[in-house]
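Thank you for making the time this morning.

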Amino acid sequence: MKNSYKSYLLGCMMTMSVLGGCAGGAGASDDGLKGNGEILESESQTGEDSAAEGDEASAQVVFEGQDLEGNAVSSDIFSGKKLTMVNVWATYCNPCLSEMPGLGELAGEYDSGDFQIIGIVSDVQEGAGEEGVELAAYLARETGADYPHLLLNESLYYGLLSDVSAVPTTFFIDGEGNILDTVVGAQDKAGWKEKIDGFLEEE
């Protein structure tokens, strides 16, 4: 009973931490992403320059989880790819949903050996029930985001998401599982493509 209660509390803490706000939008202006949640203005204005120097750039991501279909997925998914884009979104977040059609298109425009996109549904926990999973799967289909989407769990939270304060948040990760950059807020397809191409050209 104590273990169940502990798991419940941990689940609540993870969800509240990750769901601090819904930041930015596809139409964010040049002077900074406009947050409509709890993200601080100073954080939102850094936009794509929000990656921390030093520790974050060398932090290796390790996790185990499952996707919307119940398939087991681990951080091994990064190996064999030059670049992985991990987009953290939520079912209630309009900026998240607005950028997902463009992400779906980008997922099919690159060589699968070079680049992949993975979504993380930050407000649907693993094992929480079918209703949330079905909603997330429906939204992924409707937005054309035809790439794997993972459910929130303890391993993902501590492995990658513990510092996420708003959605969407996007990580760029190399084949060794190292975080190259973190972007808070939504961007349009052209903005993401420029960033992706820049990382791939560095390889």
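Predicted model: local features only at pLDDT ≥ 70, side-chain atom pairs only at ≥ 80, totals over all residues.

**A walk through the fold**

Let me begin with V133, which, leaving aside its neighbours within four places in sequence, is in contact with L68, V124 and L151, where contact means heavy atoms within 4.5 Å. V133 is found in helix 5, and at 17% relative accessibility V133 counts as buried; buried here means under 20% relative accessible area, exposed means over 50%, and partly exposed lies in between, with a 1.4 Å probe and protein chains only. The C-alpha atoms of V133 and D123, which are 10 residues apart along the chain, are separated by 9.9 Å.

Residues are numbered from 1 along each chain as its sequence is written, and side-chain values use heavy atoms, with hydrogens and water left out.

Now to the overall picture. The protein has seven helices and seven strands, which are DSSP runs numbered from the N terminus, helices being H or I with at least four residues and strands being E with at least two. Along the sequence they follow the pattern α-α-α-β-β-β-α-β-α-β-α-β-β-α. Of the 203 residues in the protein, 48% are buried, and among the contacts with a separation of 6 or more, 74% are between residues 24 or more positions apart.

Nine of the 11 residues of strand 4 are buried, so strand 4 is largely enclosed by the rest of the structure.

Strand 3 and strand 4 pair in the parallel sense over seven bridges, where two strands pair if DSSP finds at least two bridges between them, and the bridge partner of L83 in strand 4 is F115. The chain crosses from strand 3 through helix 4, residues 94-107, to strand 4, and this β-α-β crossover is right-handed, a word used if, with the strands pointing away from the viewer, the path from the first strand over the helix to the second runs clockwise. Four bridges join strand 4 to strand 5, residues 149-152, and these two run parallel. Strand 4, helix 5 and strand 5 make a right-handed β-α-β unit, and this brings us back to the helix in which V133 is found.

Let us turn to strand 6. Strand 3 pairs with strand 6 in the antiparallel sense over six bridges, and L83 stands opposite D174 in strand 6. In a regular strand the side chains alternate between the two faces of the sheet. Strand 6 and strand 7 form a hairpin with four residues between them, and G177 in the turn has a positive phi of about 85 degrees. Most residues other than glycine have a negative phi, and most peptide bonds are trans.

Finally, the aromatic rings. There are five aromatic pairs, counted when the ring centres of Phe, Tyr and Trp (its six-membered ring) lie within 6.5 Å, with planes under 30 degrees apart called stacked, over 60 edge-to-face and the rest tilted. The rings of F63 and F78 have their centres 6.0 Å apart and their planes at 70 degrees, so this pair is edge-to-face. F63 is buried, with a relative accessible area of 4%, and F78 is buried as well, at 1%. F172, W192 and F199 form one aromatic cluster.
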